[in-house]
Amino acid sequence: MRLEAQTTQGAAARARYARQAAPRYTSYPTAPHFAKHFPETVSRDWLAGLDPATPLSLYAHIPFCQQMCWYCGCNMKLAARYAPVTSYVDSLLAEINLVAAALPARMRAAHLHFGGGTPTALKPDDLSRLVGRFRERFNLAADAELAIETDPRTITDAMIARIGALGFTRASLGVQEFDPRVQAAINRIQPAALVESVTEKLRAAGIARLNFDLIYGLPQQTVSALCKTVAECTAMKPDRIALFGYAHVPWMAKNQRMIDEDALPGPQDRAAQARSAAAALVARGYRQIGIDHFAVPTDSLALAAEAGRLHRNFQGYTDDDAETLLGFGVTAIGRMPFGYVQNEAETGRWSRAIHAGHLPVAKGHALSLDDRLRGHVIERIMCDGAIDLDEAGRIFGSDAQWWRTEIPALDSLQHDGLLRRTDARIILTPEGVTLARIVASTFDTYLTRGQARHSIVL
Ligand code: SF4
């Protein structure tokens, strides 16, 4: 076959993959495959069995927001009154006590992340109470990263000052897109000048490291609007920029039914937006990290990527190498060397369990040896774009032939230009890196078992 015809075929195949749905692989197996009614006793045994000498990561979920964005796919609720937020904080404080009491010692933590929802929807004193409780029950390392997600529209000067005083080292700002037509279509009005002002105030308060989140594939969005947004953002010099594809899943996120589906860009336009924004970021000196992150070369994420120390957790790419992540709050997921646990999603059930002295666990999954091996392979594909499958098998003591059944699928991906394979070693091509979720899914033995619906890849 002539080279030209092969190239055209490869491009058509890659466009087809981009329209396929696949998990984002922030865990393996992914959360839809966790078992329901997971026993609290197992979670307690896992906590008690942690090695007191190894550092932890901590995550607190604050599900409240002051306004509803129509594109939102997060676990959040509108806080019309503050009383439910106060009750939530009280329960969260009690959950921190419960979990800490189940550990073998007062353990060291190297990361504390507040996510949501909008953690800055809390009153500053409530944030102080939570950080204080974490400091009391865990040994937060002097160089620990304290990170918080913020909403530039609603964060107050008092909260910015408190974040600085509490020693937060990183803040992320939801930016998404500056184009006014897009902002109207997603119900999130937030001019660039507002983001610039919050950025300056955060830096003045001592929060040196800033992340911006952008989204492509939004209603009314165009390549030129997104590239203009990229230019405006990079002028504000955030250390990291995440560029996510809008996941239109109105069967899961009911608020997305407010989005005019006719105004959503088609697959080709989405792919063009992703490509153009990525190229604009790289041209402005950002390094591409995995499928959807960009960082200045001196940022710890870029350094970790260069050194092959990049990881994936429920926030996406991270340089955090703690094997154990403890999650607090509704829906929060914890990861321990033995497996995953996920908290109750319903606030009433979560809170009642805590006040009755129970860990509010709803779902979980104990990792088998095969899960660990495949999880490692999937993480390295998502992080490094390369893996030696024999070496991975040796790490986990598996049969050297373990991956041979995947050869037809890998050969098909190679034929379509997503990877190059030399026996056990696979390296993703630049197109394959963008579609790494597809390559990773080759090793996912749960994918065909469940009914879970995932977002499209690009
Ligand atoms: S996108 Fe962020 S601020 Fe908007 S509703 Fe969702 S969690 Fe809240």
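**Close-up 1. The surroundings of Gln190 in the predicted model.** Leaving aside neighbours within four places in sequence, Gln190 is in contact with Asp151, Pro152, Arg153, Gly174, Val175, Phe178, Gln183 and Val195. The model shown here, as in every view that follows, is a predicted one. Gln190 is placed in the loop between α6 (180–186) and α7, and with a relative accessibility of 0% this residue counts as buried. Along the chain, Gln190 and Thr422 are 232 residues apart, and 49 Å separate their C-alpha atoms.

**Close-up 2. The residues around the ligand.** The shell around the ligand is made up of Cys65, Gln67, Cys69, Tyr71, Cys72, Met76, Gly117, Thr118, Asp151, Arg153 and Arg188. One of the shell residues, Gly117, belongs to the loop between β5 (108–116) and α4, and the peptide bond leading from Gly116 to Gly117 is cis, with omega near 25°.

**Close-up 3. Helix α5 and its buried face.** Which residues of helix α5 (residues 157–165) are buried? They are Met159, Ile160, Ile163 and Gly164. When the helix is seen down its axis, these buried residues fall within an arc of 140°, so they line one face of α5. The buried residues of α5 pack against α4 (124–137), β6 (139–150) and α7 (192–204). After α5 comes Gly167, a residue whose phi is positive, near 90°.

**Close-up 4. The largest nonpolar core.** This core holds 119 residues, and those that touch the most other members are Phe114, Leu127, Phe138, Phe168 and Ile381. Helix α3 (residues 83–102) contributes the largest share of the core, namely 10 residues. Because domain 1 (1–25 + 368–444) and domain 2 (34–328) both give residues to this core, it lies between them. As a general background, nonpolar side chains tend to be buried together in soluble globular proteins. Not counting residues up to four places away in sequence, Phe168 touches Phe114, Leu127, Val131, Leu146, Ala147, Ile148, Ile163, Gly206 and Ile207.

Close-up 5. The domain assignment divides the chain into domain 1 (1–25 + 368–444) and domain 2 (34–328). Taken over C-alpha atoms, the centres of domain 1 and domain 2 are 29 Å apart, and the contact between them takes 12 residues from domain 1 and 10 residues from domain 2.

Close-up 6. Pro29 is found in the loop between α1 (3–18) and β1 (35–36), and the peptide bond from Tyr28 to Pro29 is cis, with omega near -5°. Asn187, in the loop between α6 and α7, has a phi near 60°, which is a positive value in a residue other than glycine. Thr331, which sits in the loop between β14 (324–328) and β15 (333–336), likewise has a positive phi, near 65°, and is a residue other than glycine. Are Asn187 and Thr331 buried or partly exposed? Asn187 has a relative accessible area of 33% and is partly exposed, whereas Thr331, with a relative accessible area of 16%, is buried, because buried means under 20% relative accessible area.

Notes:
Residues numbered from 1 in each chain as written. Predicted model: local features only at pLDDT ≥ 70, side-chain atom pairs only at ≥ 80, totals over all residues. Heavy atoms only, no water. Near = heavy atom within 4 Å. Buried < 20%, exposed > 50% of the residue type's maximum accessible area, 1.4 Å probe, protein only. Helix = DSSP H or I, 4+ residues; strand = E, 2+ residues; numbered from the N terminus. Arc of directions from axis to C-beta. Contact = heavy atoms within 4.5 Å. Core = buried A, V, L, I, M, F, W, Y, C linked by side-chain atoms within 4.5 Å. Domains from an automatic or database assignment.
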